[in-house]
Amino acid sequence: MTSPTLSATPALDYAAAGRWPVRAAAHLLGLGLVAAVVVALPIAPTDLDRHQLPKETVVHLATWLAVLLAKPLPSRELRPALRWSLALLLIVAIASAAVASNGWLAFRSTALMITAAAAFVTAAHVSALGAGDIILGWCAAAGVIGAGTGLAQAYGLDSPLFATTRLPGGTFGNRNFMAHFAALTLPLLLMAVMGSKRRLLAVIPAIGSAVLIAAIVLSRSRAAWIGAGIGTATFGMAFILARRRNAIPDPGGRPALASIAAIAAIACAIVIPNRLAWKSGSPYSDTLIGIANHDEGSGRGRILQYRNTVRLAMEHPILGVGPGNWSIRYADVAPSSDPSWVYGDVVPLNPWPSSDWMALLSELGPIAVVLALLFGAALGWRALRAARSSGDRIFAGGALLALLLTTLVTGSFDAVLLLPAPLLLVAISSAALLRRAEEASASAEQPTAIAPPRWILILPLVLGICTLRSVQQTVAYVVAGSGRSLNRLSWAARIDPGSYPLRIALAQRLPCSEARTSIVAAVELAPTWPAPIAAERRCGLRIPR
């Protein structure tokens, strides 16, 4: 089997890299990412979950199979700071999940964190055995494919898998999600352009970067615009400083190629007519002008939401409200006038706050925020050292720094790492870039066989449970179909008893004589939301909280 490759420097040629399980694990992670980008359900009771649930299932399944094949040893490939901060963060998440109000949401969120950690460890392991280029190649391909679905929708292509609102979301279901993913992938394409050994080969990633930039522009996602700009500037600064130190060879026109691709992409996105029905006559300039506006619109809404979320975190300062439980507990602190609420909807607010960091602070507590920052700082320090070295390590270090800053910025304004596809992208690409950035110091010694500790045998079992639970959720949505059939909804609720959308649909539509079980379940899942309270009153029930 062949795969895309992304080579700024040759991969380490360890003998172990020739073993099929190592290469197969790398392909599984990469193909899993591509599949997570394109998969969606054509119909489902809720539009958000018809995209996110199957993506989660693919991410869990691909990581589980990769772990079974690669048998990663986290103590071998990861520095102590990375290893311990990651392990402690997972411990805090599990402890927080144990005290969460909604255990179903807590399990779903914690399972995704565990799978992402396993994917990071596995990617680091297979990259140490020489398969990192496979992972980076698939990551770049996933970014271009995902952005391509957004462009296809913007220019008239229809598909049942595409977003139905907030176009052009493509297969991500939301234009912001699509743009975030494209922004996170952009440093990988820039690395490939600048580090390609042949000028002709640099054209391919340059075209890919143009696809990403055009999709980001068309999305009008302010977080993606800022993140992509900062990421590109970071990589460009690392490149310029390296050239001044004569630490890398003559780029041979590659900066001009990357610049031409970017300018052409921006011009085409603005000039070529599309089917996006923006209300403004100058939508892109309006977005640019209002990029830092926090006095009105979505900017003001974010500020209010952040203030209330900090209040929620202060009321639960140790372990937070539990993974995935921000939306359940937000009513504890938010006034009825908060613009985050849409009282007419059965799901009255987004599942996550408009910031990864606000979610982490409120759901897992300040300790988790510190651990996440330590993990990112440890990665950033290794990237900075590589960017200040010489040779091809500079490209990997610059790309890793750009990826980290893009993740930090986009995640400050929107939910990014709370979603399965970008979470897997960042996990496996950062691990592969980290290994490439450290190649010069690690190439002298080949990894040796080490007997795995007994506790590592638990990891496949845990990942298997996470995968089976995710399959259960997705199958329930497949059975539910469009949600119009009460019989199909009833069967779906039996498959996934913890699904609020399925429970509330039955609670609202069944006769009161048959709806009691679903009403009780809906109230237990979301006790402060308007729809369960209305269903409770409709049937004259009084369910204790």
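1. With which residue does R108 form a salt bridge, and how far apart are the closest N and O atoms? The partner is D49, and the closest N and O atoms are 3.5 Å apart. A salt bridge here is a side-chain nitrogen of Lys or Arg within 4 Å of a carboxyl oxygen of Asp or Glu. This pair links distant parts of the chain: R108 belongs to helix α5 (residues 103-154) and D49 to helix α2 (residues 47-70), 59 residues apart. Helices are DSSP runs (H or I, at least four residues), numbered from the N terminus, as are strands (E, at least two).

2. Basis of the note. The model is predicted: local features need pLDDT of at least 70, side-chain atom pairs count only at pLDDT 80 or more, and totals for chains, interfaces and linings use all residues. Residues are numbered from 1 along each chain as its sequence is written, and side-chain values use heavy atoms, with hydrogens and water left out.

3. Confidence. The chain has a mean pLDDT (the predictor's confidence in each residue, from 0 to 100) of 90, and 91% of its residues reach 70 or more. Confidence is highest in helix α13 (residues 356-364), at a mean of 98, and lowest in helix α17 (residues 439-442), at 52.

4. Segments for caution. Over residues 7-17 pLDDT stays under 50, and the model has 39 contacts beyond four places in sequence for them; a contact means heavy atoms within 4.5 Å. Residues 440-449 also stay under 50, with 15 such contacts. Where pLDDT is low, the predicted coordinates should not be read in detail.

5. R108 and E56 are both buried, meaning under 20% relative accessible area, whereas exposed means over 50% and partly exposed lies in between (1.4 Å probe, protein chains only). D49 is buried as well.

6. A neighbour of R108. Q52 is found in helix α2 and counts as buried, at 4% relative accessibility. Leaving aside residues up to four places away in sequence, Q52 touches R108, F172, F177, L419 and P420.

7. A further ion pair. The side chains of R275 and D158 meet in a salt bridge, at 2.7 Å from N to O. R275 sits in the loop between α9 and α10 (283-289) and D158 in the loop between α5 and α6 (175-195), 117 residues apart. R275 counts as partly exposed, at 37% relative accessibility, while D158 is exposed, with a relative accessible area of 57%. Elsewhere, salt bridges that share partners join D49, E56 and R108 into one network.

8. Helix α15. This helix (residues 393-413) has 21 residues and reaches 31 Å from its first C-alpha to its last, close to the expected 30 Å; the expected span is 1.5 Å times one less than the number of residues. Because 16 of its 21 residues are buried, α15 is largely enclosed by the rest of the structure.

9. A nonpolar surface patch. Y155, I266, I270, V271 and I272 form a nonpolar patch on the surface, with about 440 Å² of accessible area together. Within helix α9 (residues 254-271) lies I270, which counts as partly exposed at 47% relative accessibility. Patches are made of residues with over 30% relative accessible area and no salt bridge, like charges being joined within 9 Å and nonpolar side chains (Val, Leu, Ile, Met, Phe, Trp, Tyr) within 5 Å. Accessible areas come from the Shrake-Rupley method with a 1.4 Å probe; for residues, only the protein chains shown count as cover.
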